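Subject: Structure for you to look at

Dear colleague,

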Amino acid sequence: MSPDASPVTSVLFSAERIAARIGELAAAIASDARRGGHRDITAVVVADGALIFAADLLRALPMPVRFRSVKMSSYGGLTHSSGRVELVGPAPDVRGQHVLILEDILDTGLTLTALHRLLTDGGAASLRTAVLLDKPSGRLTPYAAEYVGFHCPDAFVVGYGLDHNGLYRNLPMIGELRHELR
Ligand code: IMP
């Protein structure tokens with residue numbers, strides 16, 4: 001395949017659709033925070049996948065935002081979960097803070113379940129989760145995010161932060177990865 005050929009078979013979510021949806025998510029998050037009397041929020045961003053989502057979403061929020069990023073143990077190049085998820089490095093200090101977890105995709109639920117438990121144990125005052133994509137077909141443990149960008153079909157997707165073996169995060173849209181690249 002030539003290096004210029006598209007790595008995706010189809011575009012599931014265009015850059016324009018993503019931008020519009022992020023505006024809606026930011027409005028919902030801001031309105032809930034206002035209603036809850038939260039003067040600021042702490043964004044806990046799951047790196048690397050959620051960095052692009054976070055960059056766009058957080059800049060659309062009107063209130064002051066504290067930024068923390070965490071790294072969770074990852075797929076290691078596989079397109080299905082190993083079932084073991086651990087925090088890499090120290091846990092962020094979120095005691096007494098209103099936390100918004102940002103993740104690129106909710107698939108098995110293992111990453112967010114582990115992170116949610118960790119932040120609850122760390123004394124977060126409140127905890128909500130925003131995911132750009134929710135792939136319910138992959139769930140191994142129940143997890144519901146308060147804010148969901150799009151429901152994702154049972155496909156391996158790349159772009160807008162989502163990778164395969166570290167590649168394709170820079171695609172401006174989200175598409176299904178070509179089978180021969182998996
Ligand atoms: P889970 O919910 O614990 O399975 O994990 C979510 C993580 O799995 C995400 O942060 C992604 O790194 C990865 N992941 C799951 N599905 C996909 C996909 O379709 N494309 C790229 N990464 C994925």
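This is a predicted model: local features need pLDDT of at least 70, side-chain atom pairs count only at pLDDT 80 or more; totals for chains, interfaces and linings use all residues.

Residues are numbered from 1 along each chain as its sequence is written, and side-chain values use heavy atoms, with hydrogens and water left out.

There are 16 residues around the ligand, and D104, D107, T108, T111 and V157 come nearest among them (a residue is near if one of its heavy atoms lies within 4 Å). By class, this shell has 8 nonpolar, 3 polar and 5 charged residues, where Ala, Val, Leu, Ile, Met, Phe, Trp, Tyr, Cys and Pro count as nonpolar, Asp, Glu, Lys and Arg as charged, and the others, Gly among them, as polar. The largest share, 4 residues, comes from β5; strands are DSSP runs of E with at least two residues, and helices are runs of H or I with at least four, numbered from the N terminus.

A polar side-chain atom of T108 lies 2.5 Å from an oxygen atom of the ligand, and one of D104 lies 2.9 Å from a ligand oxygen (a polar contact is a pair of N or O atoms within 3.5 Å).

Elsewhere, an open sheet of 3 strands has the order β1-β9-β8 with antiparallel pairing, where two strands pair if DSSP finds at least two bridges between them. β1 (8–13) and β8 (157–158) stand at the edges, each with a single partner strand, so one side of each has no neighbour in the sheet. In β9, G175 is the bridge partner of V158.

Best wishes

Conventions
A polar contact is a pair of N or O atoms within 3.5 Å; within protein, one must be able to donate a hydrogen and the other to accept it, and residues adjacent in sequence count only if both atoms are side-chain atoms.
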